[in-house]
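Me: Could we go through this structure together? I would like to start with the overall layout and then turn to individual residues.

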Amino acid sequence: MTNKDTVLAVLTQAMQIERDGMAFYGQAAVKSDHPRVREVFQSLVSDETGHLRILQAEYAAVQGYGRWLPAESSLPTLARELTLFPKGPGAVEQAAASAGDLEALKLAMDIEQKGYDLYVQAAQETADPDGQALYRRLAKAESHHYRALQDAYGYLTHPEHWFDDEEKPMFEG
């Protein structure tokens, strides 16, 4: 297998992970009982759609021209913070979640971990600086997604602790 074939194989695998994530997150959003969880999954569908478009463009460039697109041509904001859970008075009361939502969040964290692992490994194995930059940026985005999902899970399972952890209150003694 040539280097070009290897790059195309990794990009194909990455595109499939993004497609799988989009499908799962779309279904999870529809099935979710909790409006905030639904928002997280809808946001992830949007993000993964953007990742897929970037990967498709890279695939076309490598296949057609034998080289990566310049790193600066990718979207500059691949990784953004997802902060959808309420803070302040009433936040704890809004945290009721179904077992289905919690299971979906755990599965979603697994999906994001797999994507992250793939992108980190691909960045290490890719000699091209533009390819390395793309994979690192995608890994960073997957890491942000993982943290958002972990945050959602924590909010739903232990809202009283989540609020304390997020707000970092100072206690007088």
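Predicted model: local features only at pLDDT ≥ 70, side-chain atom pairs only at ≥ 80, totals over all residues.

Me: What pLDDT does the chain average?
Reply: The chain averages a pLDDT of 81, where pLDDT is the predictor's confidence in each residue, from 0 to 100. A score of at least 70 is reached by 75% of the residues. Over residues 75-96 the pLDDT is below 50. Beyond near neighbours in sequence, that stretch has 54 contacts in the model, a contact being heavy atoms within 4.5 Å.

Me: How many helices and strands does the chain have?
Reply: There are 5 helices and 0 strands, giving the pattern α-α-α-α-α along the sequence. Helices (H or I, at least four residues) and strands (E, at least two) are DSSP runs, numbered from the N terminus.

Me: What share of the contacts joins residues at least 24 apart?
Reply: That share is 82%, taken among contacts between residues at least 6 apart in sequence.

Me: And how much of the chain is buried?
Reply: Buried residues make up 43% of the 173 residues. Buried means under 20% relative accessible area, exposed over 50%, and partly exposed in between (1.4 Å probe, protein chains only). The chain exposes about 9600 Å², of which carbon and sulfur atoms supply 53%; these areas come from the Shrake-Rupley method with a 1.4 Å probe, and for residues only the protein chains shown count as cover.

Me: Which residues have the most contacts inside the largest nonpolar core?
Reply: They are L11, L55, W68, Y119 and Y135, in a core of 20 residues. A nonpolar core is a set of buried Ala, Val, Leu, Ile, Met, Phe, Trp, Tyr and Cys residues joined through side-chain atoms within 4.5 Å. Two or more residues each come from α1 (3-31), α2 (35-65), α3 (99-125) and α4 (129-157). Helix α1 gives the most to this core, with 7 residues. A second, separate core has 18 residues, including Y25, A28, V37 and L156.

Me: What does Y119 touch?
Reply: Not counting residues up to four places away in sequence, Y119 touches A14, E18, L55, Y135, L138, A139 and E142.

Me: Turning to L52, is that residue buried or exposed?
Reply: L52 lies in helix α2 and counts as buried, at 9% relative accessibility. Leaving out residues up to four places away in sequence, L52 touches M15, E18, R19 and M22. The C-alpha atoms of L52 and R19 are separated by 7.2 Å, although the two residues are 33 apart along the chain.

Me: Does the length of α2 make sense, or rather, what span should α2 have?
Reply: At 1.5 Å a residue, its 31 residues should span 45 Å, and the end C-alpha atoms are 45 Å apart, which agrees. The expected span is 1.5 Å times one less than the number of residues. Helix α2 is followed by G66, whose phi is positive, near 75 degrees.

Me: How many salt bridges does the structure hold?
Reply: The structure holds 1 salt bridge, between the side chains of E103 and K106 (3.7 Å, N to O). The term requires a side-chain nitrogen of Lys or Arg within 4 Å of a carboxyl oxygen of Asp or Glu.

Me: How are E103 and K106 placed in helix α3?
Reply: E103 and K106 are 3 residues apart in α3, which puts about one helical turn between them. E103 is partly exposed, with a relative accessible area of 39%, and K106 is partly exposed at 37%.

Me: Last one: what is Y153 in contact with?
Reply: Y153, in helix α4, is in contact with L102, L105, K106 and M109, leaving aside neighbours within four places in sequence. Y153 is partly exposed, at 23% relative accessibility. The C-alpha atoms of Y153 and L105, 48 residues apart along the chain, are separated by 6.4 Å.

How values were computed. Residues numbered from 1 in each chain as written. Heavy atoms only, no water.
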